[in-house]
Amino acid sequence: MGRLLASTLLFCSLLLLFDASFSHPLCIDSTAPLSLNSTLKFCSYNASSCCNSTEDLQLQKQFEAMNISDSRCASVMKSILCARCDPFSAELFTIGSTPRPVPILCNSTVSANSSQSSQSANNFCFNVWDTCQNVSFMKSPFAPSLKSQVGLPVNSNFSKLTDFWQSKTDFCNAFGGASSTAAVCFDGQPVTLNNTEIPSPPLGLCLEKIGNGSYLSMAAHPDGSNRAFFASQQGKIWLATIPDQGSGGTLGLDESNPFVDLTDEVYFDTQFGMMGIAFHPNFAQNGRFFASFNCDKAKWSGCTGRCSCNSDVNCDPSKLGTDNGAQPCQYQSVVAEYTANGTASQPSSATSAKPTEVRRIFTMGLPFTSHHGGQILFGPADGYLYFMMGDGGGTGDPYNFSQNKKSLLGKIMRLDVDNIPSAAEIAKLNLWGNYSIPKDNPYEEDTGLQPEIWAYGLRNPWRCSFDSERPSYFMCADVGQDQYEEVDFITKDGNYGWRVYEGPLPYTPPYSPGGNTTPSSISPIFPVMGYTHSDVNQKEGSASITGGYFYRSMTDPCMYGRYLYADLYATALWAGIENPVDSGNFNSSRIPFRCAADSPLQCSSLPGSSLPALNYIYSFGEDNRKDIYLLASSGVYRVVRPSRCNYTCSKENGTSLASPSPSPKSHASQLIDPCNNVVLLFSSLLLLLLGFV
């Protein structure tokens, strides 16, 4: 009795820890559901499932071994076993970070805001008890969960639910759960979501210009303050103070006094430079930050990485020839670590940093002179460093690097930069620098995959972001070849199709010395949003996507929850909304945008158009208020209240909707919850960077 009570209390406690951060279709192993060509033979899942035919057969054998004589109970238990195939199984089988042997069984309590269909209001948990409480069967999925909690051995004897639970209330306290705003439960059928009416898109996006500089990257200061770092393609990083919304202020940034100057290391040219910056989540305490840039081994002795074209990936650099006058792997992609320690009493108050590398995290030679991505981000939930790498260039990825699991080109890598192996271990593991491999990277299951790889099949990922409210929502824009620009929902071991597909469209490369991958041999994950080149320009190869963020500020409440992205050429901007909520399905709309008449810095307009002359939208940024910025060749622009541009938003209420000003806070609390001439000179430097060849 004491053991029973303790077990029940423990399960109730675990239910209180239920973490709904998945909130979209995801399998137990954190991979995306498979697209099925036919219905599984045992479990009644079609179109999309977390089981393949082999796993379906394994579940059938498990069910048969249970030897359930009662047909009604057998039907119920079959549905519970098959819930492992549900596209929402990651959420159904997890409480917090703790896996459970059975899914969360729906009880009769359903939140008014639940995204799940009304069927989940049925008390399926009570139904399981009433149907199976006195039926004996072997290897009960309910018994091990109880016994493992109280230290008893698991055996295969016949058992009944009443052997372990005194009442249906006790049973459902342990195994029941409710569908809520961002959580689902299992009701005996595949999880379905409410079909909701798609909200009308916002009438427009209002901008103000607060800076004249041209930057590629922006990173909010990890101390939570109203400061942010801005980085140029040339190799400088500045620390800036961001003015309050509505203050009429401009970006507090001194171009003559950078936070750090890395131009001696960075090779800067049309397609090269500093591609990304990332500040350690504990930067305010440890002063660690990272830069991703390109180097030229003909000009810098520190540019010493291995060539990505090598025998491991069936590539011979001697056969590549020159590209724009460069030898294969003359230019390299680098991620290096730096420190702000020793420049101030504490890192959070540092206004400068040392330009000397602390350690080299990664160096790799590039086969051609384009498509090398380069953005770096720390995962908000896991603290690992994500490194976005393009396919290395060449029309149509001629060596098929993106689909080659032994190549790091055309991939998103996931690295542990907090646990650095010894030099001997790095050499033994054949790593590309000073990092270790997270134990849950997909190479353990996908044995053909290089251990650094998190996702693959990308052409040139240009700006990725994690949703600040739902960290499992990891979105990446991927630049297309001639026809389609895409936004991908990134998941573990996801294959995003290039070069078998360009977005959702089949693609045939003009030549392929590296061989081909057949469509039938892969399970591609197609884009959730995107646009064709003809949507913005009738000329093929005349578009290039720039990925953005989920808008989480209340400055523009009509934009809240929508994913913003744009075209490089700054004539089109889109907002995507998920529908149904939690489904991973998105609808996007092209959104008008203009500059506020009272913008702190004057905005010029395109001739014959109301559009502001942004010239090129290189990137987006997000500050600690969750306000969103457009980093353009003509300056820094911030999203402001729609009424400032005479856009109507029924949710706007005067000036009180702006998000509160941030204040410095500890990392622990964060876890719980000059110039125009120069700008014009370099405004075309990224045209080839994003890859049209």
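**Close-up views of a predicted model**

**View 1. Two arginines sit over tryptophan rings.** The charged end of Arg463 lies over the ring of Trp462, 4.2 Å from its centre. Likewise, Arg459 places its charged end over the ring of Trp498, at 5.7 Å from the centre. A charge sits over a ring here if NZ of Lys or CZ of Arg is within 6 Å of the ring centre and within 35 degrees of the ring normal. This is a predicted model, in which local features need pLDDT of at least 70 and side-chain atom pairs count only at pLDDT 80 or more, while totals for chains, interfaces and linings use all residues. Residues are numbered from 1 along each chain as its sequence is written, and side-chain values use heavy atoms, with hydrogens and water left out.

View 2. The protein chain has 11 helices and 34 strands; helices (H or I, at least four residues) and strands (E, at least two) are DSSP runs, numbered from the N terminus. Of its 693 residues, 58% are buried, where buried means under 20% relative accessible area, exposed over 50%, and partly exposed in between (1.4 Å probe, protein chains only). The accessible surface comes to about 27100 Å², and carbon and sulfur atoms hold 49% of that surface. Accessible areas come from the Shrake-Rupley method with a 1.4 Å probe, and for residues only the protein chains shown count as cover.

**View 3. The largest nonpolar core has 47 residues.** A nonpolar core is a set of buried Ala, Val, Leu, Ile, Met, Phe, Trp, Tyr and Cys residues joined through side-chain atoms within 4.5 Å. Ile68, Met77, Ile80, Leu105, Phe142 and Phe171 touch the most other members. At least two residues each come from α2 (53–66), α3 (71–82), β5 (105–106), α5 (124–132), α6 (142–150) and α7 (168–175). The largest share, 7 residues, is supplied by α3. Beyond its neighbours within four places in sequence, Met77 is in contact (heavy atoms within 4.5 Å) with Met66, Ile68, Cys132, Phe137, Pro141 and Phe142. A second, separate core of 38 residues includes Cys315, Leu385, Phe401 and Tyr435.

**View 4. Helix α7 has four buried residues: Phe171, Cys172, Ala174 and Phe175.** They lie on the same side of α7 because they cover an arc of only 155 degrees around the axis; the arc is that of the directions from the helix axis to the C-beta atoms. Phe171, with a relative accessible area of 0%, is buried, and Trp165 counts as buried at 1%.

**View 5. Aromatic rings form 44 pairs in the structure.** Trp165 and Phe171 make an edge-to-face pair, because their ring centres are 6.4 Å apart and their planes are at 75 degrees. Rings of Phe, Tyr and Trp (its six-membered ring) pair if their centres lie within 6.5 Å; planes under 30 degrees apart count as stacked, over 60 as edge-to-face and the rest as tilted. Ring pairs also link Tyr473, Phe489, Tyr531, Phe550, Tyr563, Tyr565, Trp574 and Phe586 into a cluster.

**View 6. Leu449 lies in the loop between α9 (423–429) and β20 (453–456).** Leu449 is buried, with a relative accessible area of 4%. Not counting residues up to four places away in sequence, Leu449 touches Lys405, Pro442, Tyr443, Tyr456 and Asp493. Leu449 and Asp493 are 44 residues apart in sequence, yet 8.9 Å apart in space, C-alpha to C-alpha. Gln450, in the loop between α9 and β20, is buried at 18%.
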